Amino acid sequence: MRRDMLLPLMLAGYLFLLIFRPYEYWPVLGDFRLERVYMLTFMAAAFFVPGKRLPSSPVHLAVGALALTLLVSALGAYNGQAAWRTVEDYLKYIVFYVMLILSVRNERDFRFVLLAFVAVMGLYVGKSMWEFFVHGRHVYRMGIRRMVGIDVTYGDPNSFAASIAYSLPLFWALVRCRFPSVWVRRGLWLYGGMALVGIIFTGSRSGMVTAIFFALLVLMSSSRKLVGIFVVFLLLVFAWDFMPDDLQQRFLSTFGYGHTGKGAIESAEGRLKGFQQGMEVFTRYPLLGIGPGNFGYSWEGLSSGPKSHNVYGEVAGELGLAGILSFGGLVVVLFRQNILLRRRCRLLLSHPALLRSARRNVHDRSTPVRSPAAARDGGGSNGARYSMKNHVPPAEDNVSTRHGYALKATQQETGEAPYRMKPLPDTPETAGSAPADRTVPQTLAADRHTPQPRPVQAQRRKARAGAGAGGLAGGDLPGSLMFYSLVAQAVMQTLLLMLFKGWGDHNLYRYTWLWLGGVTVLGNFLFAQEVRRHGRS
C-alpha cells in the first residue's frame, strides 16, 4: 500500500462505518465500540502523517455556528439526556468533517473518496436488497411490504429512501466524468439501477417524488432536454411496469388517485402537523427552542410524542431563532461556495485566453495591478487592485460579463494568497493607450480579435470527456475544471433535494450536511491548487 494513500483508505473505512453501520446490524460489534476505536485510530494515524492542512473557508464558521447553537440549546433543553445524546452524535459528525478535509490532499485523493462514497452506498443498498428479496426482511406498514435499511439509525423505509435519493447527484456527476476504467463505469451504472429499485420497494412516496425532482433538475441543466425527457419517460414506464400493484396504488395516492388507506392519509397529514407543532413550540421557546432531540416532548398530554417529520418545524421547534439563523447560514454558505466554484470553472473553460493567462500568471504574486486612476496618479500600494473581472474578452464573447463575477480565489476562501494579473509594460505601441487598456493581459490582447478555435459547447464536451481521462490521478487542466464543476453542481443538487424532502423528513441531524460541507471545502481548495499546479508546469 502506498504510504500517501493511508488516510484516504482509512477515510473510506470510516465512510463504511458511518453509512453501512455494521455495529447496528451485528450487535456484537457494538459491544466493542467499533466506531469509536476506529475513529481514535484514524486520528492517531493522521497525527503522524505529514502534509496535512486545514484550508480556511467560510464553511468552517457556518459549521461552528450550528454546533455552538446545539450546545447552548442543549443547556436549557426540556430533557437534557435526549439533548446531549443528539449533540454527542452531531459532534462525531464534526470530527468526521475535519478528518475528511485533512485526509484529502490532492485531486487523486478527492476522486478516490467520492468513488468510495458511492461504493459504500452500493454495499449498503445491495445488502438491504439482499435481505429483502432473499431473506424477506421488511416492515409491513401502510398496507404494503416495505424494504428497510440494514441499520437502525437510518433503516426506516423513508429514511432509507432519503439516503439513496441524496446520493443520486454525486452518482450522476461521477457518471458524467467518464472514467477510463470500464469496471468503474459499470459499477456506477449498477448502483444507479440498484438505487432506483431500492427507492421503489421502500414504498416511500416522498422518496419517489424526490427522485423525480432530481430527474427534473438534471433536465433543467441539460443541453439536450428532448433526449433527456425521452429517457426519463422510458425509465418511468419501465419502473411502473416493474412495480407490484400494491406499490402502484401507494404511489398513485401521492397525487390523489388509487386506493388511499387511513394510514397513508394520516402519514401525509403528519408532515403538516409536524410543521405546525414546530411553529407552536417556537412561540413558546423563541430564542433557543425546546432543545435538540426534544421535539417529542413538546406535544401536550403526551410524555413522548411523535417526531416532527418536517425539517423546518424541527429547526424552529428544537433550536429556535438561533437554529434558524445558523442552519440557514450553513445552507446559504454551501450554495454560495459551490456557485462561485462552478462559475470559475465554467469561465476558464469558456475562454481559452483566460485559461492560458491563469496557467502563466496564477503563481506570480509579486506585482499588484492598480486601478486606472492609481496608474495615472502614480499611486502606490494602496491603489485598488484589479481582479479578472476587469480583464474580460470582447462583447461578442461575453460569458464573464453576463455573469458578472471575478475569477479570483481570496485568501479567506482557499487559504492562499489571491491571484493577481501582471500589468503590461510600457511599449511604444501602448504608451498612448488608455490606462485601462494597459492592464489587459497579453494573452487576451493577442486573442481579442482572434476567433475561438471551437464553440464553447464543443470545448465543454471535450473537457467533460477529459474529466475522468486520468482515472483517479486526474487529467489535464480542462478535465480537472470540468470535474470540479460537476462536483459543485452535485453538491447544490443534493442541497435542493434535502430541502425539498425536508418537508416530509426530519433530516436536520444527518451526517449528509457535513459531508457536503467537507466536499465543498475540498472542491474550492483543490480547484485553486490544481490551477496553480498547471500554472507552474
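Arginine 36 has a relative accessibility of 40% and counts as partly exposed; buried means under 20% relative accessible area, exposed over 50%, and partly exposed in between, with a 1.4 Å probe and protein chains only. This is a predicted model, in which local features need pLDDT of at least 70 and side-chain atom pairs count only at pLDDT 80 or more, while totals for chains, interfaces and linings use all residues. Residues are numbered from 1 along each chain as its sequence is written, and side-chain values use heavy atoms, with hydrogens and water left out.

Arginine 36 forms a salt bridge with glutamate 88, with 3.4 Å between the closest N and O atoms. The pair links distant parts of the chain, 52 residues apart: arginine 36 is in helix α4 (residues 34-48) and glutamate 88 in helix α6 (residues 80-103). Helices here are DSSP runs (H or I, at least four residues), numbered from the N terminus. Glutamate 88 is also partly exposed, at 39% relative accessible area.

## Other salt bridges

A salt bridge is a side-chain nitrogen of Lys or Arg within 4 Å of a carboxyl oxygen of Asp or Glu. The whole structure holds 7 salt bridges by this search. One of them joins arginine 111 to glutamate 107, and the closest N and O atoms are 2.6 Å apart. Both residues lie in helix α7 (residues 107-133), 4 residues apart, which is about one turn of the helix. Arginine 111 is buried at 0% relative accessibility, and glutamate 107 is buried at 3%.

Arginine 21 pairs with glutamate 24 in a salt bridge, the closest N and O atoms being 3.6 Å apart. Here arginine 21 is buried, with a relative accessible area of 5%, whereas glutamate 24 is partly exposed at 22%.

## Nonpolar surface patch

Val227, Phe230, Val231, Phe233, Leu234, Leu235 and Val237 make up a nonpolar patch on the surface, and together they have about 640 Å² of accessible area. A patch takes residues with over 30% relative accessible area and no salt bridge, and joins nonpolar side chains (Val, Leu, Ile, Met, Phe, Trp, Tyr) within 5 Å and like charges within 9 Å. The areas come from the Shrake-Rupley method with a 1.4 Å probe, and for residues only the protein chains shown count as cover. Leucine 234 belongs to helix α11 (residues 225-242) and is partly exposed at 44% relative accessibility.

## Cavities and a pocket

On a 1 Å grid over the protein atoms alone, a cavity is a set of points where a 1.4 Å probe fits but cannot get out; a pocket is an open set with protein on both sides within 12 Å along at least five of seven lines, and lining residues have an atom within 4 Å of a point. Grid points are joined across faces, edges and corners, and a volume is the space filled by probe spheres set on the points. The count is 5 cavities of 30 Å³ or more. The largest cavity has a volume of about 90 Å³, and its lining includes Leu114, Tyr166, Val487 and Trp515. The elements giving two or more residues to that lining are α7, α8 (157-177), α22 (477-501) and α23 (512-536). Its lining has 10 nonpolar, 2 polar and no charged residues; Ala, Val, Leu, Ile, Met, Phe, Trp, Tyr, Cys and Pro count as nonpolar, Asp, Glu, Lys and Arg as charged, and the others, Gly among them, as polar.

The second largest pocket holds about 1,400 Å³ of space. It is lined by 47 residues, of which Thr86, Asp89, Thr153, Tyr154 and Lys307 are the closest to its centre. Helix α6 gives the most to this lining, with 8 residues. The lining of the second largest pocket divides into 13 nonpolar, 15 polar and 19 charged residues.
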